Amino acid sequence: KSSTALFAIDEGPQEIAVTINTTLTDDKIKNLFAWVKCAFDDGGGDKDDVYAYYYNNIELAIAAVFGDNLPSDSLPTKLLEMALKKEGLLEQYQQKEAIVEDEEWEEACVGDVIGRRDREQASLGAMGAAQWSGQWMTRPHSLLLVQNYTNVDDWIKPLKRKRRETLKRAGREAQNFTIITKPIRGGHPAPHSSYAHFRCVVQHEVRLLSKMYGASTNAFVNALAEAISRYIGTTRMAGVIQEYRDVSTNKVIGFAHEVSKGRTTRGQWFYCDDYAAKHYVWFHSVLDLVRRAIEDDRIDVVDLGPSGSDAFTDLKAQYGFEAVVDWPAVADYSGDFLYEEDQNEDELGDDMIRMIEKLVERQAARDKRRKSD
């Protein structure tokens, strides 16, 4: 525990030094998710809901859920209690009882209903569109060319022995989990906009930042803020979810978010809980992504994107993914987003939008060539 100054409001602004308890439990993650659901809901369209605005404040959320010394009449506490009341969790919270597991509540998809085009637009920033559209340079992407592979063994055989053994171990671990492919459909909530998936994102970010910066209050708070932001972001994007569940409990233990465009498939996001981190789930997700890319005639390149650290870039390189500065020259993103048949309903003006997008891409390509000449 340590103190962090956060700003709260209670009958007028006042500054409260909040003691943050960095113990992460499922109950606290559920409380945090109840808050996030209110952010999704945004007051349910009620213009008279004076509290809806505050649920977008991540600092207030963290203070409310993990603060040990907040006054009972402080704004964060009141906001949390209102959020818990909506979920039927307030009585257990007030009596400090463990929250009873409820599979229906934990797996209900509560994300915004977003159309295909808006999901595609929301995906572009994380995919690195700023670089391929000529706006600015992004970080190097880790790429694997698969067009000359006939099967996944062609990729595995040249790897060093230790890497081959890791992938073999990942294959053996697959008996401990099931994998479900869940397309993200335009006009529907994202299939990973549930508490079950949020729990994975939170545990993943807290574990990752603790390893990178050491166990500290600042790392913990930053990880929670990052988790909330990333979770909301991934549920607004296009693509497909590869969902991992534990065989014995059927709980979601991780998920990979993939997006395909042009002749490239992108491993956009990956999050897993502490159990999955010890059972090679990330390695299995990469193995499965490469296998499917090789089998898909539409795909030439697997892109694992930029890395948060040099160590992770090096790890990807050990599996054949080369960090490329001018990655759009290798990974072709110039075509349409790729979907399975009937994944999305047609939207008004689709044909016109596609034509305009292609014209814009061609113009950007011409401008880029002129600059290089």
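Mentor: Contact here means that heavy atoms lie within 4.5 Å of one another. Helices (H or I, at least four residues) and strands (E, at least two) are DSSP runs, numbered from the N terminus. Axes are lines fitted to C-alpha atoms, for helices over the stretch in contact, and angles between N-to-C directions run from 0 to 180 degrees. In this predicted model, local features require pLDDT of at least 70 and side-chain atom pairs pLDDT 80 or more, whereas totals for chains, interfaces and linings use all residues. Residues are numbered from 1 along each chain as its sequence is written, and side-chain values use heavy atoms, with hydrogens and water left out.

Trainee: Which strands does helix H6 lie across?

Mentor: Helix H6 (residues 116–127) lies across strand E3 (141–145), strand E6 (252–261) and strand E7 (264–272).

Trainee: How is a pair of packed helices described?

Mentor: One gives the angle between the two axes and the distance between them. Here, helix H9 (residues 161–173) and helix H13 (residues 281–295) have axes that come within 8 Å and cross at roughly 95°. H9 is therefore roughly perpendicular to H13; angles of 65 to 115 degrees receive that name, those under 35 are roughly parallel, those over 145 roughly antiparallel, and the rest oblique.

Trainee: Which residues of H9 and H13 meet?

Mentor: From H9 come Thr 166, Leu 167, Ala 170 and Gly 171, and from H13 come Phe 283, His 284 and Leu 287. This contact of H9 with H13 comprises 4 nonpolar residues, 3 polar ones and no charged ones. Nonpolar covers Ala, Val, Leu, Ile, Met, Phe, Trp, Tyr, Cys and Pro; charged covers Asp, Glu, Lys and Arg; the others, Gly among them, are polar.

Trainee: What is the order of the strands in the open sheet?

Mentor: Strands of a sheet pair through backbone hydrogen bonds, either parallel or antiparallel. In this open sheet of 7 strands, the order is E4-E5-E6-E7-E8-E3-E9 and the pairing is mixed. Strand E4 (177–183) and strand E9 (322–324) stand at the edges with a single partner strand each, so one side of each has no neighbour in the sheet. On average, neighbouring strands are turned by 30° against each other, direction ignored.

Trainee: In which sense do E4 and E5 pair?

Mentor: Two strands count as paired if DSSP finds at least two bridges between them. E4 and strand E5 (residues 240–246) are antiparallel, with 7 bridges, and Lys 182 stands opposite Ile 241 in E5. E6 and E7 also run antiparallel, joined by 8 bridges, with Ser 260 opposite Thr 265 in E7. These two strands form a hairpin with 2 residues between them, and Gly 262 in the turn has a positive phi of about 65°. E7 and strand E8 (residues 301–303), by contrast, pair in the parallel sense over 3 bridges; Arg 266 has Asp 303 in E8 as its bridge partner.

Trainee: How many residues of E7 are buried?

Mentor: Buried means under 20% relative accessible area, exposed over 50%, and partly exposed in between (1.4 Å probe, protein chains only). In E7, 8 of the 9 residues are buried, so the strand is largely enclosed by the rest of the structure.

Trainee: How many salt bridges does a search of the whole structure find?

Mentor: A salt bridge is a side-chain nitrogen of Lys or Arg within 4 Å of a carboxyl oxygen of Asp or Glu. The search finds 22. One of them joins Arg 245 and Glu 107, at 2.7 Å from N to O. This pair links distant parts of the chain, 138 residues apart: Arg 245 in strand E5 and Glu 107 in helix H5 (residues 103–107). Arg 245 is buried at 5% relative accessibility, whereas Glu 107 is partly exposed at 27%.

Trainee: Which residue forms a salt bridge with Arg 292?

Mentor: The partner is Glu 258, with the closest N and O atoms 2.7 Å apart. Because Arg 292 lies in helix H13 and Glu 258 in strand E6, the pair ties together parts 34 residues apart in sequence. Arg 291 and Glu 295 form another salt bridge, at 3.2 Å between the closest N and O atoms. Both lie in helix H13, 4 residues apart, which means a separation of about one helical turn. Salt bridges with shared partners join Glu 258, Asp 288, Arg 291, Arg 292 and Glu 295 into one network.

Trainee: Where is Asn 250 placed?

Mentor: Asn 250 is in the loop between E5 and E6. Its phi is near 65°, a positive value in a residue other than glycine. Tyr 280, in the loop between helix H12 (274–277) and H13, likewise is not a glycine and has a positive phi of about 60°.
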